[in-house]
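Open the structure in your viewer and keep the sequence panel beside it.

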Amino acid sequence: MDLLSTLVDKGLRRELPTREEALAVLATSDDELLDVVAAAGKVRRQWFGRRVKLNYLVNLKSGLCPEDCSYCSQRLGSEAGILKYTWLKPGEAAEAAAAGVAGGAKRVCLVASGRGPTDRDVERVSETIAAIRERHADVEVCACLGLLSQGQAERLREAGADAYNHNLNTSEATYADICTTHGYEDRVATVEQAKSAGLSACSGLIAGMGESDEDLVDVVFALRELDPDSVPVNFLIPFEGTPLAQEWNLTPQRALRILAMTRFVCPDVEVRLAGGREVHLRSLQPLALHLVNSIFLGDYLTSEGQAGKADLDMIADAGFEVEGTETTTLPEHRDPRDELRGDLVSVRRRGAGTELPPNA
Ligand code: SF4
């Protein structure tokens with residue numbers, strides 16, 4: 001059986017491809033690209049139909065980070081021309097979130113720069129979650145605040161967060177090349193903490209930082225083992241003023257192969273097209289919708305994405321549909337917490353604020 005038929009069969013059975021098969025996807029030629037997209041598209045449709053989940057980023061705190069992640073415009077000493085500000089007030093953040101929800105977002109991602117939150121920061125974010133919940137009871141809230149200390153994941157869960165994002169970003173072997181102020185194992189530990197607290201884990205990668213195909217396969221296999229519910233795939237935006245400013249080494253075709261490989265390795269997981277899609281996929285973005293089932297809507301973090309309206313038009317033109325809050329994103333077999341989330345939504349609908357059901 002040829003490579004693509006094998007990968008489709010495995011994806012439909014939720015079976016892990018071999019490393020060689022994953023590497024072979026990255027090595028396919030441009031002549032084979034549409035076949036690769038069509039094959040991974042079958043796997044995507046099996047588990048997610050033609051639905052696209054929209055996510056909206058609210059940047060609670062920007063810049064001024066003491067860490068030295070080389071891809072990041074908010075790093076220590078970054079000369080990138082980004083906005084720098086400290087914590088948005090809960091009302092301001094809820095106002096920003098409302099714009100995304102109005103555009104169709106079902107998840108709001110609350111992001112703050114920094115190594116990790118203090119306990120006071122967790123309190124601030126808890127107040128922000130409450131302010132968002134007051135207006136949008138059904139929206140999913142994901143926090144992305146860096147490395148977590150003991151007990152913080154539990155406090156965020158109690159405050160009503162549904163998910164926690166912390167990316168592995170690259171392979172364990174190359175992690176020290178992109179960051180010296182914390183390690184790969186610190187990132188894994190935070191994702192594990194979020195999972196143990198009952199938060200839906202979101203963890204992904206950044207492609208285009210000069211890594212090899214083996215590194216990409218390593219990080220995607222590591223993610224499969226860590227088993228997050230969502231995997232954001234970012235493509236490096238080489239910001240001027242950061243050490244990776246010269247790393248323009250992705251093509252739209254390579255970006256599609258990376259997304260297809262991720263889909264084959266993580267067939268029934270929410271694969272999200274994240275940062276850098278406009279600059280790297282450019283006019284091929286609609287093809288990516290056959291591979292991912294989730295995107296960020298409009299602007300995100302320190303770069304400008306497409307306006308929300310352009311995203312919605314692209315989704316409709318490509319024959320996909322925006323996923324509503326009444327639909328569960330993950331296939332039924334994947335998420336034993338669906339029942340709990342269902343309870344939570346009905347508690348919120350009854351006007352009980354962020355109170356958790358007794359078995360949370
Ligand atoms: S810890 Fe986060 S905000 Fe700070 S430099 Fe790294 S990626 Fe950027």
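pLDDT is the predictor's confidence in each residue, from 0 to 100. This is a predicted model: local features need pLDDT of at least 70, side-chain atom pairs count only at pLDDT 80 or more, and totals for chains, interfaces and linings use all residues. Residues are numbered from 1 along each chain as its sequence is written.

Colour the protein chain by pLDDT. The mean is 90, and 90% of residues reach 70 or more. Now select residues 339-360. Here the pLDDT is below 50; beyond near neighbours in sequence, this stretch has 22 contacts in the model. (Two residues are in contact if their C-beta atoms, placed from the backbone, lie within 7 Å.)

Switch to cartoon. The protein chain has 14 helices and 10 strands. These are DSSP runs, numbered from the N terminus: helices are H or I, at least four residues, and strands are E, at least two.

Zoom to Cys69. It sits in the loop between β1 (51-61) and α4 (90-102). Is Cys69 buried or exposed? Buried means 20 or more other C-beta atoms within 10 Å of its own, exposed 12 or fewer, partly exposed in between, with C-beta atoms placed from the backbone. Cys69 is buried, because 21 lie within 10 Å. Show Arg75, Ile178 and Cys179: Cys69 contacts these, leaving aside its neighbours within four places in sequence.

Move to Cys72, in the loop between β1 and α4. Cys72 has 25 C-beta neighbours inside 10 Å, so it counts as buried.
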